Amino acid sequence: MAYLALYREWRPQTFGAIVGQAHITRTLQNAVEAGRAGHAYLFCGTRGTGKTTTAKVLAKALNCAGRNGPEPCNLCASCKAITEGLSVDVIEVDAASNRGIDEIRDLREKVKFAPATGQFRVYIIDEVHMLTNEAFNALLKTLEEPPRHSVFILATTEPHKVPLTILSRCQRFDFRRIAPGEIVGRLKEVAAGAGIEVEEDALRLIARAAEGGLRDALSILDQGAALGEMRVTAGIVHDILGTVRADALSRMGGHLAAGEAGPALRLVGELTGMGKDLRIFARELAAYLRAVLLEKISPGDPAGEAWGDTSVIARTAVEFSEQGLIRAIDIMAGAEREMKWSSLPGVILEIALVKACRREVTSDLSSLAERVADIEEKLKNFIPKRAVETPVDETAPLKWEKLPGRRAAAQDIPGETSPLQERGTATETAAAGAKLRREPGQSGGFQRPDPVAAGEIAEVAREFDLDKIKASWGNIMGMLRKERPPLYPNFIKAVPLHVGGRRLTVGFPEGEELVKEMAERSDNKKYFEDLLGKALGEGWQVVYKYYHGEVRIPVIQPAPKDDISRRFGGGEITLEDGSEGSLF
Amino acid sequence: MLFMREIAGHGQIVRTLLNAVLNERVAHAYLFAGPEGVGKATTALAFARALLCARPAAGDACGECRECRQVEHANHPDFNYVRPGGSSIKIEQVREIQRKVTFCSYQGGRKVYLIEQAETMTAEAVNCLLKTLEEPPGGTVFIMLSAFPQALPPTILSRCQQYIFKPIPGHELTSSLIKLRGLAREEARLLAAFSGGSMGKALAYATGSFQKERAAASGLAAALREAGVLEALEMAEKLSKARENILNLLEMLICWYRDILIWRETGEERLLFSPDQVATVKREAGHYETGRLVEAIETIEEIKNKIYGNANTRLALEALFLRLAGGINGARTDRGG
């Protein structure tokens, strides 16, 4: 007889041999033993979990002549015929090939015939989700009340494609994915029976790669036996699966955690040199990072065990920030998806790794969020103190540490988060932000009474936010009104929209072309820029744009009350009616 | 037609298959998965011949018996080659397979069904094949080829022994290019790097005007760096008119930017696709930031896919070049401000 693949040769022939589906086999065994078998069953679950196998065993158990207890004997004529697929009473229908109404009508015609030898006629309708709608409907009445001697077993991987009217007529059994431990156990049995030597590590790898499908696992074992001449080692399994050893993954995890793009790219170069499929590597890496994430969220999670040494995963988990980890998984998952269809998968992987390592290179929300989280973390220690000091001088962060409160805070937080360092980085950030905008001699501000004392860097960084401009907008308009009365009406509805460096975007309501044109005339524009210069310091550029809908137009504001009281340190004085005379 | 033992770069797969023939452990369903042009079809044909050979030696075909010659001339009655009829493999084709599977073999040996581009099977066809694929009559062997195995349902995958054809390692590809085409070592190494381990691609490059293409790509990158809006649009117009295979050029462009990026990040010559251009790469690297390079490569990839999906070439190129020209040298400082 020709060689049979392991998964066919070792197809379980009794309920007891079916792995990982005790909730189903127990039920069926009890039903068989009590003689209470239903007339329609639906078996569903992912590939390789035992649907067809269970259906065949059930068929045998129902028809077995020498049955003692719930298990089929596998010795009687009926059992043997079923095993070989020769029985006339067990009809296996491939619903995906015979999916039309005509085939179902034909089946209905034959249902009424009594079984030839056994007690039941069993119809195993496999891949039932592929039946056409008409075929399903043609089956309904038969399925509800079939002749006493017939049993239907429907099997499918996609129960959601089966109509509800079919579902409600069947006893439904959901087959679970088989746990890695159970797969390993079964693989050991099969390997021992088939005379294959297998390493423990190899078994674990196979079980992980099989993702709950025992048939997948046996296929890999089969392949390993062919390659390794009946000796299967972990190396052979890696070769077959195209996967890399866990240490390559943990090394890559370490590089990502440390944000080292260079070594990560070098590792990719190494893998390419070994002829590894980078698509598979990307998938593995995403799965590995997921295990790290689980470890990070709930330390000691058993998911990590599939990857061998859990201490490595735990170490990587510590090196990563949670945000960074999630971002890395996102990026790798995206890269894996893209690599599937790209003609340059290697380049996609390299780009993804650079992105994962260097969060500053992308401007997407997640990396920004991560950077903001970093800054928040750094600022956390400052905010409460700052609220206390605000009345003294809000704009002078350089002075904070001179106050006793700051020093106390510094002692509270040992090590790397000392405020001195913190201030250093914060100022650097501010400086970097301001670098582009700063021009010599322009650090002075319109509303800054004492910019130098306030600290030049912080000053420049703060100088030109939109709120400031809005606050002085009234003044500017006032000046405009005085100096160029004919131009002023054009600016009545103008609002400052956006500031970047010394570049101010001024908006006009949509549809006011004439007004905008007027403002855009080069002499008027020049004038307005000069005007801004007078009000806010030299070097302004103006861009005009339209805005939609309503934008709040800043009104001419007198200096706000609380601002004055802050600057002069005074409180509010209420004057009594008629007391004017006495005051002056 | 190659013998199994002559196949380059897949030693481990070949060994497994030879062992299977030798030890009578031939499975009934194989899936050869891997990128285009790495040798799936070549291996499958050689394997089919070995399976059908009347006098196999050490698992490989003898190449002399009637069976071997029949396979070589594509007229072996038990060797069925199924390829997409049109853009997909349809259920009728699978039904035809099922019909034939039930017959005995004509010449008494095995029956081999080679299904090319298996991922193009329609959902009906795939499902129709499932039962047959799981338990075909004795002596039937299915060999399925696919560059996109992830497009096949898991129910098919789990029924097959899957062989993953990896990209051929650089040095093996180099030496077989030298052997096959008599190329100079330097050139062979270059082609091997650019082909990403695909023999088919390397051979196509070897016959085509590879050097010229690559020079065009690096020239384009340099020009774009300097270009303003007008120049960018002009380039797009010129290219969309002049070039038939714009996708190739875009791939080269990706490779070029990739080299610059790799140099910036690692500074290692051996990781580059174009180690012979290292001086230029080094010079160019100073002009770019990592972020811009990443963005550039992603943009090109995106536009490439759009052109592949039949977008208007000229418009797509214009959009691409405008983004590259304006953005890549950091002119877009006010972006998102």
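1. In strand 4 of chain B, Ala29(B) has Phe142(B) as its bridge partner. Helices (H or I, at least four residues) and strands (E, at least two) are DSSP runs, numbered from the N terminus. This is a predicted model, in which local features need pLDDT of at least 70, side-chain atom pairs count only at pLDDT 80 or more, and totals for chains, interfaces and linings use all residues. Residues are numbered from 1 along each chain as its sequence is written, while chains are lettered from A and ligands numbered from 1 in the order in which they are written.

2. Strand 1 (residues 29-33) of chain B runs parallel to strand 4 of chain B, and five bridges join them; two strands pair if DSSP finds at least two bridges between them. Strand 3 (residues 111-115) of chain B also pairs with strand 4 of chain B in the parallel sense, over five bridges. In that strand 4, Met144(B) has Ile115(B) opposite.

3. Strand 4 (residues 140-146) of chain B is largely enclosed by the rest of the structure, because seven of its seven residues are buried (20 or more other C-beta atoms within 10 Å of the residue's own, with C-beta atoms placed from the backbone). Thr140(B), Phe142(B), Met144(B) and Ser146(B) point one way from the strand, and Val141(B), Ile143(B) and Leu145(B) the other way.

4. Gln162(B) belongs to strand 5 (residues 161-164) of chain B. Gln162(B) is buried, because 23 other C-beta atoms lie within 10 Å. Beyond its neighbours within four places in sequence, Gln162(B) is in contact with Leu31(B), Ala33(B) and Leu157(B), where contact means C-beta atoms, placed from the backbone, within 7 Å. Gln162(B) and Met144(B) are 18 residues apart in sequence, and their C-alpha atoms are 9.4 Å apart in space.

5. Between the chains, 53 residues of chain A are in contact with 55 residues of chain B. Helix 10 (214-227), helix 13 (261-273) and helix 17 (345-357) of chain A each supply at least two residues of the side of chain A that touches chain B. Helix 10 of chain A gives the most to that side, with seven residues.

6. A caution concerns chain A, whose mean pLDDT is 79, with 77% of its residues at 70 or more; pLDDT is the predictor's confidence in each residue, from 0 to 100. Over residues 385-462 of chain A, pLDDT stays under 50. Where pLDDT is low, the predicted coordinates should not be read in detail.

Note on methods:
A residue is buried if 20 or more other C-beta atoms lie within 10 Å of its own, exposed if 12 or fewer, and partly exposed in between; C-beta atoms are placed from the backbone. Two residues are in contact if their C-beta atoms, placed from the backbone, lie within 7 Å.
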